[in-house]
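Biologist: I am new to this structure. Please show me how to read it, one feature at a time.

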Amino acid sequence: MIITKTPFRMSFFGGGTDMPKFFNEHGGAVLSTTFDKYCYVNVRHLPRFFDFKTHLTYSKMEYVNSIDEIQHPAIRNAMKMLDMEEIRLTYEADLPARSGLGTSSSFAVGMLNGFYALKGKYADKKKLADEAIRLERELCMEAGGWQDQIAASYGGFNRINFYDNDYEVLPLIISPERKKELNCNLLMFFTGFTRFSSDVQKANSSGKEDKIDQLKEMYSLVDEAERTLTEKKINIDEFGRLLDHTWKLKRQTGSAVSTDSIDYLYKKGIEAGALGGKLLGAGGGGFLVFYVQPEYQEAVKRAMSDLLYIPFEFETGGTRVIHYTPESYEPAEQKEI
């Protein structure tokens, strides 16, 4: 039996520039972190006592006798990709899916990590990120960028650069005190609205107006935000103001990014004292994060009292195997005499 633990990510700057169509021509970068909310994937080979060969538990339960019968596209394609058979897989998470935190990619990374471990093989973070990107973007044909799979695999507070169908992960060099101050000044709330990120991406890409200029400016803000965090002479509150700037740019990149309800909530947060904030993920709903100086935090929490407040702390581990019990497994056809 294998249990993997994979964090969710919080993307601050550069979202949208991680799309190959954009970064292969213009370059791209994101500034993001993982935090202490996780998904857990439990996987083992299914004992041969049942009248089904694979048992899956996520938001649904599936009992199937062939991989092609599996309804969940990521599980079906991952099992084919890694030649997995006769398994029981269970998924659970600290936060809901379709909420802007890269939950589907965290699941993909954690599942692949579990499959490799069940085979008795080690897969490093680069391999897991690359294969999760291939799984979601090519095999499942889901629209979206690359940042979620990379963040979930590597973990930590990073700048991720994208270029020429490749990427590099650069950990942010920031003092523990400054990092703690940033963490304390970020407040996260659940709006209650959830949408598939791929649906939002498709809706945004169907717009007629050109979004290249906005994406280029969002790309340039990554440099500015990185300097704000790494240079001690810059007041860290500038990070909040930059969040407000990047959110306003993000709203211009597609009609599905925000809604009237989200705009209303964001305005309430700013009026209560937040310097800036953004909706996490592709847009359309999920989690709102605000940068709020300590003296205004209670006022912002009161303004958001109808929403669920989610305390969190940054994490650095990325995906990992937290339980490993080796199994002896021989494919059924090889055991038959």
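Modeller: Start with pairing: two strands pair if DSSP finds at least two bridges between them. Helices (H or I, at least four residues) and strands (E, at least two) are DSSP runs, numbered from the N terminus. This is a predicted model, where local features need pLDDT of at least 70, side-chain atom pairs count only at pLDDT 80 or more, and totals for chains, interfaces and linings use all residues. Residues are numbered from 1 along each chain as its sequence is written, and side-chain values use heavy atoms, with hydrogens and water left out.

Biologist: How many bridges join β9 to strand β10?

Modeller: Four bridges join them, and the two strands run antiparallel. L279 stands opposite L288 in β10.

Biologist: What is the strand order in the open sheet of four strands?

Modeller: The order is β9-β10-β8-β11, with antiparallel pairing. β9 (276–279) and β11 (308–309) are at the edges with a single partner strand each, so one side of each has no neighbour in the sheet. Helix α9 (residues 238–251) packs on this sheet and touches β8 (186–190), β9 and β10. Contact means heavy atoms within 4.5 Å. The direction of α9 makes about 40 degrees with that of β9. Helix α10 (residues 260–271) lies across β9 and β10, at about 20 degrees to β10.

Biologist: Which strands does β5 (residues 87–93) pair with?

Modeller: Strand β2 (residues 28–45) runs antiparallel to β5, with seven bridges. There, N42 stands opposite T90. Strand β3 (residues 54–57) runs parallel to β5, with three bridges. L56 stands opposite L89.

Biologist: How do I read a helix pair?

Modeller: Two packed helices are described by the angle between their axes and the distance between the axes. Axes are lines fitted to C-alpha atoms, for helices over the stretch in contact, and angles run from 0 to 180 degrees between N-to-C directions. The axes of helix α3 (residues 103–118) and helix α5 (residues 147–154) come within 8 Å and cross at roughly 50 degrees.

Biologist: Which residues meet there?

Modeller: S105, S106 and V109 in α3 meet D148, Q149, A152 and S153 in α5.

Biologist: Where does pLDDT stay under 50?

Modeller: pLDDT is the predictor's confidence in each residue, from 0 to 100. Where pLDDT is low, the predicted coordinates should not be read in detail. Here it stays under 50 over residues 196–204. The protein's mean pLDDT is 91, and 91% of its residues reach 70 or more.
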